[in-house]
Structure formats: C-alpha cells, structure tokens
Amino acid sequence: MDLRFFAQNALGGLAYGSLLFLIASGLTLVFGLMRIINLAQTAFYLLGAYVGLTLVAHGFDFWLSSVAGGVVTMVLGLAVYSAFLHRYHADPLTSLLLTLGFALILDDGILALWGGDPRSVSPPPMLRGSIQIGTLVFPEYWLAVIAISFTVAAIMFVSLRRTMLGVIIRASVDDEEMARGLGVDVNRAFYVVFAAGALIAGIGGLLGGPITSAYPGLDGELTPLAFAVVIVGGMGSLTGALVGSILIGLVNAFGKAMFPELSYFTIFVPVALIMAFRPQGLFGRKQ
Amino acid sequence: MRMSTRAKTAVLAVVIVLVSAGVPSPTRSADPGPIKVALLAPTSGSAAAAGHDMVAGWQLFWKEHGGKVAGRTVETVVYDTASNPTHALDQARHAVEADGAQMIVGPYLANEGLAVAPYAVQHRIPLFLPTVSADDLSQRQASAFVIKVAGWSSSLPTHVAGVWAYEQGYRKVVTLANSYAFGYENAGGFAQTFAQKGGKITDQIWAPLGTADYTPYISRIQAAAPDALFVEMVGADAVHFLQQWSSLGLKSKIPLIANETTTDQSNIRSISPEIVEGITSFGHFAEGRDTPATRAFIDKYGKAEGVLPSYMATSFYTAAQWIAQAIENVHGNTGDVGTLLQAVRQIKLADSPFGPMTLDQYGCPLENVYVRRVTATTGDAAKYAKTWNVVTKTYPHVSQFWTWKPSDYLKQPVYSPSYQGYTK
C-alpha cells in the first residue's frame, strides 16, 4: 500500500463522509429531540439537489442556488412537520411509516417533474481544477466540500453550546418534561431543529451534486449509509454524527479499495459490531 | 433431465418447425378487431428513464403510421413493471389473461426478462425483447417464442472489444463492472477474446449497482497501472464513474474501453463535454452514425422529444418497424402464432437506425458492432445534444457467438464472476 493509495482514499473517504454528515446531522438531532425517525431526510437532500441544479441551469450562482435548494426544502420540511409529523413525537413506528410515505411521494414527484435521467452537476468554475502532489491527484472541489461540512459542524456545535436556543434544545433532549415544567417553549425548539435538519440536507443536495449527481432513487441509496452513521455515532449525538460520518466515509473508501468484492460488507461490519458491543453507539447515551 | 447442447439445439429446431407448421388458426370473423400489444416498461422505479425512452421510441413509430398495419389497428397498452421482476411477471399475466394481449414487447431489465420469458413460453405468447440482453435468453435458454427483435446479447459487442484492445497494443487490462448478470456478461465477453489473443486480465473489480462513490475503485485501478481499463456501467453509475474518473485526473492517463451503456446518449447528455469527449466504447448502436437511416431517425426523434435517442428508444422504434413488417407479411393474420413468429424470424432489415439486421436461429440479431468515440455534435444534432457517439470503425454482421461455432460456444457456461472465459 503506497502513500498515494493511502492519501487518495483518506481524502476521498473524508469528502464522502463530510457529505454524509450534512444528511446525518439532521437525522440524529430530530431523533434525539422528538424520537422521530425521518426516512425522508435523504429525499430532502435529493429535492435540494434538483432545485439547485435547475437554478444553476438558469444561470444562477452555484452557492446561491445551493442555499435556495436548502430553503425550498426547509419550507417543505416545515409544512410536513406542522401538518403531520408533530403529532407523532416519541412514536417511531408511525413517524417511520409516515416519513417513508413522504419519501416515496417526493421521489415520484421528482421523477414526474424532472424525468429519470441521471443529472450530473459541475462544480463552480473557480473550483474545477485539481491539486497534484506527485502521482496524487485530488479535485479542489472535494476539499471545499470537506471545509464546508466542517464549518457547518462548527456552527452547529457553537449554536448548541453557546446560545439560549441551544440550551433549550439540549435541555429538551435530556428531559423534555422537566424543561416544559420550567416553562421552556419546547415546541419552538422542535420546529427549529426540524427546519435546520431539512435546510442543511437541502443545501447539501447541490453541494454533493458533483460527487453523487442526482437521480430518482439516490435517496434510497443514501438512506442506509446515513443510518449507519447515526447508529455508529449514537442516536441524538451531534459529535457522534460527525465522528460516525468520517468513520463510515473512511471505511467505505478503504474497504472498497482493498476488498472490492466485499463493499457493502465492509460498511456494515462496524455497524454490526457496534450494535453488539455498544448498542447506544459511540457517543449515544444508554436509554 | 440434462440434455447435451446438441440435443437442445435439435429440440429447438424441431419446436420451431412444429410451431412454424402452424397451429390451426381460429375461424376468422369479418372484423378481427385490433392487434393487442402489451408493452412492458419500467415507467417508475430505478429504471424509469429507460422506460420512458422505450415507450417514446415505440410510440413514435406508430404515430408515423397512424397506429395501423396491414389494415388493422394496433392497440398498445403500456404496463409499468416498476423495475421489478415480480411485478413484471404480474403485469404480463394481467395483460395476457385479463386484457387479451397477443404479444409482449419488453420489459427492460434482464431480471424482468428472465421472469417473464418462462410465462410467455408456457402460454405460447410471442415475447419480443428489444433491450433485454441477457445472453442466455438467446443461447442456453433460447425458445421459439422469445426473440430479441432489434435486440442484442450483452457480450456480443464486447467480444469485439477484446480483440480490438489487443490489436491496439494493450497487454495488461483491468475490468470494472457492476456485480450483476449484465456486468458479468459484458466483462466476460471482453476478457475471453482479449485473453485468447494473448492479453492479460490483471484484475477484475465488481462494484454493486447503485454505487455513488467510485473513487476507492479508481484508486485501486490507478495502483494496478494497467495499459487500459475495460468498464461497464449503466445509468447513474455511469455518470458517477465518468465524473470521478475525470476529476481524479485519470482520463488523460489510462485509456478507457467502455461498453455500450457507459456512454449511451441517456448518460452523456447530462455530462460536461470535457469529461466524456474522446472516450472509446463498443455498441450495436451509434447515434452519430453517418448514414441516412440513422440520421433520419435521430432527426425525427429529436423533433419529437427534444433530445437525441438512447439505444433503448432506438431499439423500440426499430422493433416496431420490424414487427409491423412481419404483420404486413402475414397480411394482418396475427391469430396464428406460428406463422407470425416465422414471419418475424424471416425479416431482414437492409438498413435500420442500427444498421443491417437479421436473426440467427437462436433469436438474436446478426448486427454491426461499432467502435464509437464521443465527440461534439455537429449539424442538426447540435440542437439536441452537446456530445454523441460517432463511428470510428464498423465490424459488420457480428454474431453473438463471435467467431466460434455455436455448438462449441454453448458448451461453456454463461459468464459469471467465477467464469470469465479465461484461466487465471
């Protein structure tokens, strides 16, 4: 195993893991706070991608389109939450079925609106080059994705630790009843967290476009990976989502490169091991 | 009971003769009513884009001909297979038993085709497979009722690719293909002829269908430093692979020998030209083929759909043309299945959008294989797409058995991960 092989897979795994974090962070926080398993999270990602790439095709700026994709997704997410999901807190089975239904509707809606051909997305012009060190070639854009995801993670950590809203969210995760008893507006925290999860996944859609492209069915392929991240990291833990994303990204990269005939196996072995020895995940708390 | 291949061939021949001799035709009433065709296509699910193209190609032909042939109306009903073999079989059953379909065209995926074929054979319903390319449906499991009209076998173009690659001077090649029947058959066709010439397959990588991140595989290929990479990809996997291959800087370093689907128009139409231009691939169709038949078709299709046709759309247009001609030849009497099947088998297309086509006795066309190169579109085609596949070399009249005798070829097993036609 030479240095190039190692560096290439390390960076590739990190980039892919960063993308997974944008999806998994919302998933884990929504579960931690409301005990809702949101199977539509990756469909949110896909919707963001399609809205974004449509705007880019009409000549809008890449970053702006990405944010717009996130905002559209957030509005839709909030509509789904306020009309249906808010009734099913702490009812994982119902919320699971409900969000699965929304995922299917979104997927078919995307198919009807945009057709089924896979759409590729070009990175913004200033990031189309690659860096080259010896025989190692790495796209600049992928480095940008890593940087953006870590920035998003930092913003989320700071908001959770240093703002009043963050305190409310953490208090509600720890003991919702007690927080309510103290007169805290827990409902507001619910809306904010669900909206933020949808927003980040929606922004991630176009950001991830140059890596995953967009096509109906992409959401179904990302869902097992996003859940692997949440299980490894621990349900409800943002630190867990970050560590889990990077871990799954790296295992995915090295596993495929070294044992190409076992690609899914190598991803789900760590998941199985964690389920066996630490069912609450690396950073989750015992229920 | 196991039969030798020769015995199977003999039985097949007898069956064809018996069927051709004719089941007594039902008494004809004055108005025979419409000819009912079931078009099985995945219009939802993972292969929905292909399903759309299939329906568009088929309907374009019938629209041109007023939905009529030999004085009879052709009534096509589209049944959604949802990209699922079980569902495809249910739909076939429903089409035949409830709706009275007289023939089935489609489905799309190999596993759908393998699910529907036994049903069609048991119920003596003609099954026409323009896109299902599973080798065995016209080889070890060939049937009088199953015909790859305007179709192909997966390994047919890649047998040519293996020989071509050796002639280019490549000696060490890695293959990358999806881990399912289509991938095994594409890679196997290449590996067998390449190794037979004296080339060496140094590694074979099987990636699951639906892989978003190909960079680890690409990293492994780069470490192996082969003379060239043979690659089979479909749909979104092709888009992922081509994008990542180019962004990791390998496009200018390791030559690609791609199968037909990797650079099919349905994939390259959404990719930036610099990522795909110059890639060599092997197919039975090339939308940039400079002949009147192909040009006229892509022009019509462009006007109707606003894009250049994929091979799926072209297959169904040509299949409609083929079947219509056969119905014409039996003067619209489709009630007699044996006569109809024989008429379909006797069609010789002097030139179609694919080029000349005739059927072998196993139900797969003898057809051109094109060495194709992705280039920028020119002329009218530029209105509909940025890039297309043009022909750099034509291998005419290629058989699914390449240069082997069918009886010899059929002694070897169908291509799979454990059988790729060479000894490691």
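Please keep in mind that the model is predicted.

Let's begin with chain B. The domain assignment gives domain 1 as 5-153 + 294-366, and domain 2 as 156-283. Taken over C-alpha atoms, the centres of domain 1 and domain 2 of chain B are 30 Å apart. How many residues does each domain bring to the contact between them? Domain 1 of chain B supplies 13 residues, and domain 2 of chain B supplies 10 residues. On the domain 1 side of that contact, you'll find 8 nonpolar, 3 polar and 2 charged residues.

Now let's see how the chains meet.

Next, over to chain A, and a word on how we talk about helix pairs. Two packed helices are described by the angle between their axes and the distance between those axes.

Our opening pair is helix 2 (residues 41-57) and helix 8 (residues 186-212) of chain A, whose axes are 7 Å apart at an angle of about 55°. Helix 2 of chain A and helix 8 of chain A are therefore oblique to each other. Their crossing is right-handed. If you'd like to find the contact on screen, look in helix 2 of chain A for residues including Phe44(A), Gly48(A) and Gly52(A), and in helix 8 of chain A for residues including Ala201(A), Gly205(A) and Gly209(A). The residues of this contact divide into 10 nonpolar, 9 polar and no charged.

The other pair is helix 9 (residues 218-233) and helix 11 (residues 263-277) of chain A, which pack at an angle of about 35° with axes 9 Å apart. The crossing of helix 9 and helix 11 of chain A is left-handed. From helix 9 of chain A come Ala228(A), Ile231(A) and Val232(A), while helix 11 of chain A brings Ile267(A), Phe268(A), Pro270(A), Val271(A), Ile274(A) and Met275(A). What classes of residue make up this contact? There are 9 nonpolar, no polar and no charged residues.

Note on methods: Residues numbered from 1 in each chain as written. Chains lettered and ligands numbered in written order. Predicted model: local features only at pLDDT ≥ 70, side-chain atom pairs only at ≥ 80, totals over all residues. Domains from an automatic or database assignment. Contact = placed C-beta atoms within 7 Å. Nonpolar A, V, L, I, M, F, W, Y, C, P; charged D, E, K, R; others polar. Axes fitted to C-alpha atoms, helices over the stretch in contact; angles between N-to-C directions. Helix = DSSP H or I, 4+ residues; strand = E, 2+ residues; numbered from the N terminus. Parallel < 35°, antiparallel > 145°, perpendicular 65-115°, else oblique. Left-handed = near helix turned anticlockwise from the far one by under 90°.
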